[in-house]
Structure formats: C-alpha cells, structure tokens
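Welcome! Take a moment to look over the sequence and the model, and then let's walk through a few places in it together.

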Amino acid sequence: MNFKTGDKVVVIAGKDKGKEGKIIKTLKDENRVVVEGVNIVKKTVKPNGQNPGSITEVEAPIHASNVMIVDPKTKKRTRIGHTTDKKGKKIRITKKSNENIN
C-alpha cells in the first residue's frame, strides 16, 4: 500500500465520491484506510457505570483502491510513483508533477 497516515486523499468511488480528507489510520493487512469525514457510520455504545450509552458517528475504513492522493502542486488527484533520492533512499513522488510527497 502506498498510503501513509496524514496523506491528503480524495475518494474516487462509492457513496462519498469526490470528498477529500486526511488519512487517520492505515490497515495494511486489510488494504484499507480510514479517512476523516468519509464513510461515516452510526455505532451504538453500550451503557456502563460511567455513561448511559449512546449512538455515535465514526469513520469506517474504506478500501485503498477507492482513494487517490491529492497532488500538492496541482491540487488534483494523481497516482503515486517511487524513485530514489541522491542518498539512495526510496521516496514517493506524484506522477502528475513529479513532486515529493514524503
């Protein structure tokens, strides 16, 4: 998976198509990401000694293939490529503007 926590992405498929947000969490084993403000679901919280219980809204994970990174230069969605810098370290770049993402 090419995404990291904190990347700005746009949803390209599903009920929240077109929405943008930052990645809160990546689930590498399941190839899913949690994006803030996207794929909101209602979750019930059972009552216990301190709180009476309630229905809360939380972000659910979506598949990584349904999001694309936002190019920092052009502000449009783009694919991610990999290259090496002068020191030989592997870095992520955007395909549209060749801009460094890291």
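## Around I91

Leaving out residues up to four places away in sequence, I91 touches G81, H82, T83, D85, N100 and N102, where contact means heavy atoms within 4.5 Å. This is a predicted model, in which local features need pLDDT of at least 70, side-chain atom pairs count only at pLDDT 80 or more, and totals for chains, interfaces and linings use all residues. Residues are numbered from 1 along each chain as its sequence is written, and side-chain values use heavy atoms, with hydrogens and water left out.

I91 belongs to strand β10, residues 90–94 (strands are DSSP runs of E, at least two residues, numbered from the N terminus). I91 is buried, with a relative accessible area of 14%; buried means under 20%, using a 1.4 Å probe and protein chains only. Between the C-alpha atoms of I91 and G81, ten residues apart along the chain, the separation is 8.5 Å.

## The largest nonpolar core

Now for the core. The largest nonpolar core has 13 residues, and F3, V9, I23, V33, V35, I62 and V67 are those with the most contacts inside it. Such a core is a set of buried Ala, Val, Leu, Ile, Met, Phe, Trp, Tyr and Cys residues joined through side-chain atoms within 4.5 Å. Strands β1 (8–11), β3 (32–35) and β7 (67–70) each supply at least two of its residues.

Beyond its neighbours within four places in sequence, I23 is in contact with residues including F3, V9, V33 and V35.

## A buried loop residue

N39 sits in the loop between β3 and β4 (40–45). N39 is buried, at 15% relative accessible area, and its side chain reaches the backbone oxygen of P61 at 3.3 Å.

Methods
Buried < 20%, exposed > 50% of the residue type's maximum accessible area, 1.4 Å probe, protein only. Helix = DSSP H or I, 4+ residues; strand = E, 2+ residues; numbered from the N terminus. Polar contact = N/O pair within 3.5 Å; in protein donor to acceptor, adjacent residues only side chain to side chain.
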